[in-house]
Amino acid sequence: MSDEQARDGSGERLNDDELGERLAKFAGRPAAVAGVGKDPVNAPMIRHWCEALGDTHPAYTGPDAIAPPTMLQVWTMGGLSGHPGRTGAYEELLGLLDAAGCTAVVATDCEQEYARPLRPGDEVTFDTVIEEVSGRKTTRLGTGYFITTRTEVRVAGEPAGVHRFRILKYAPAQHRPREPRSRREPEPPESLRPRPVVNRDNAGFWRGVAEHRLLIQRCTACGTLRHPWLPGCNACGGLGWDTVEASGEGAVYSYVVVHHPPAPGFDPPYAVALVELAEGVRMVGDVTGVPYDEVRIGLPVRAGFRRVDEELTLPVFQAGSAVTEAER
């Protein structure tokens, strides 16, 4: 951590090797013991979740409703006041990293396993353990350590699911500030653009993008198209699927202009749109071909593919009559 190295409890400065040894010892220590969900699984929260995501599956309404499986973490969250069952180990770990200059944190990914559906009225209990602390890693955001926690969720003592959550606790990389750019200047270089998270559920989509094909999942049971890619159909629950290639035609359904905060690989202000494709699904992507403040709901766009570097190609949405050669 160079100038910002950690200190132990006595105030003695730790070098990187000593810090790594201290951090590794947190693996296996409990972060929460006998935690209890602050609220039972309940219909209002399920309704809010489904409305926010546009999920109209009938399994989540009515007298026999279940909670969407991906809500697993919702019922264990402690809010700003935390949980009485939380141990000091996790705070001690974060404090040690703060002392090492790793004062920034970003969530990187999560994994969930489901053992049984959760239903309104279920009282959730859980235990959380610090599963792993990585070695020192250097990323485009900065240098730091990945921390993985594993939460085992139960109802009436029976397993309901497992939630793994991973964060990066890091010392922010120092970037030279750039002069403000005109809204009509060329697009900024993207050599520092962060990588998308590719997992077993969406790897097929990104393979298609690398081949300049925009692939949409299709349920083989009911024919429903879906995006983003999911392991099961949100209309019928079927697990079988194939793909159709999108035409690329679409229109801006909604959009946001990002002004702050700046992040590596991005140069605000810029427009990000939710595009409704001709096939009926919606997809998020950058809007190119017009200045950010000329993007409008209903603006016709066509999908293209931008090669960011040797490893990364991204889908973008070009406004105007044609996709540029760089985005084919």
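This is a predicted model: local features need pLDDT of at least 70, side-chain atom pairs count only at pLDDT 80 or more; totals for chains, interfaces and linings use all residues.

Residues are numbered from 1 along each chain as its sequence is written, and side-chain values use heavy atoms, with hydrogens and water left out.

The chain has four helices and 14 strands. Those are DSSP runs numbered from the N terminus, with helices (H or I) of at least four residues and strands (E) of at least two. Of the 328 residues, 40% count as buried. Buried means under 20% relative accessible area, exposed means over 50%, and partly exposed is in between, with a 1.4 Å probe and protein chains only. The accessible surface of the protein chain comes to about 18300 Å², and 53% of that belongs to carbon and sulfur atoms. Those areas come from the Shrake-Rupley method with a 1.4 Å probe, and for residues only the protein chains shown count as cover.

Now find strand E5, residues 142-155. Strand E5 is mostly covered, with 10 of its 14 residues buried. Which strands does E5 pair with? For pairing, DSSP has to find at least two bridges between two strands. Strand E3 (residues 124-133) pairs with E5 in the antiparallel sense over nine bridges, and there you can see Val-133 standing opposite Ile-147 in E5. E5 and E6 also run antiparallel, joined by 14 bridges, and Ile-147 turns up again, opposite Ile-167 in E6. The hairpin of E5 and E6 has two residues between the strands, and in it Ala-156 takes a positive phi near 55 degrees. Then there is strand E4, residues 137-138, which runs antiparallel to E5 and is joined to it by two bridges. Thr-138 stands opposite Thr-143 in E5, and a hairpin of three residues links E4 to E5.

There's another sheet to look at, an open one. Three strands form it in the order E8-E7-E9, with antiparallel pairing. Strand E8 (225-226) and strand E9 (241-245) stand at the edges with a single partner strand each, so one side of each has no neighbour in the sheet. Strand E7, residues 215-219, pairs with E8 over two bridges, and Gln-217 stands opposite Arg-226 in E8.

A quick stop at helix H2, residues 43-53. At its start, a side-chain oxygen of Asn-42 reaches to within 2.9 Å of the backbone nitrogen of Met-45. After H2 comes Gly-54, whose phi is positive, near 70 degrees.

On to charges. How many salt bridges does the structure hold? There are 17, counting a side-chain nitrogen of Lys or Arg within 4 Å of a carboxyl oxygen of Asp or Glu. Let me pick out Glu-311 and Arg-195, whose side chains meet at 3.7 Å, N to O. Glu-311 sits in the loop between strand E13 (300-307) and strand E14 (313-319), and Arg-195 in the loop between strand E6 (158-172) and helix H4 (203-210), so the pair ties together parts that are 116 residues apart in sequence. Glu-311 is exposed at 70% relative accessibility, while Arg-195 is partly exposed at 30%.

Another bridge joins Arg-213 and Glu-211, at 3.4 Å. Arg-213 is partly exposed at 31%, and Glu-211 is exposed at 51%. Then we have Glu-276 and Arg-282, at 3.0 Å. Salt bridges that share partners also join Glu-113, Asp-127, Glu-131, Arg-150, Glu-152, Arg-154 and Arg-164 into one network.

Last, the cysteines, for anyone thinking about disulfides. A disulfide is a pair of cysteine sulfur atoms within 2.5 Å, and by that rule the count here is zero. Cys-222 is in no disulfide, and its nearest cysteine sulfur, that of Cys-236, is 3.7 Å away. Cys-222 is partly exposed, with a relative accessible area of 38%. Cys-102, on the other hand, is buried at 0%.

That's my tour, so over to you for questions.

Key: A polar contact is a pair of N or O atoms within 3.5 Å; within protein, one must be able to donate a hydrogen and the other to accept it, and residues adjacent in sequence count only if both atoms are side-chain atoms.
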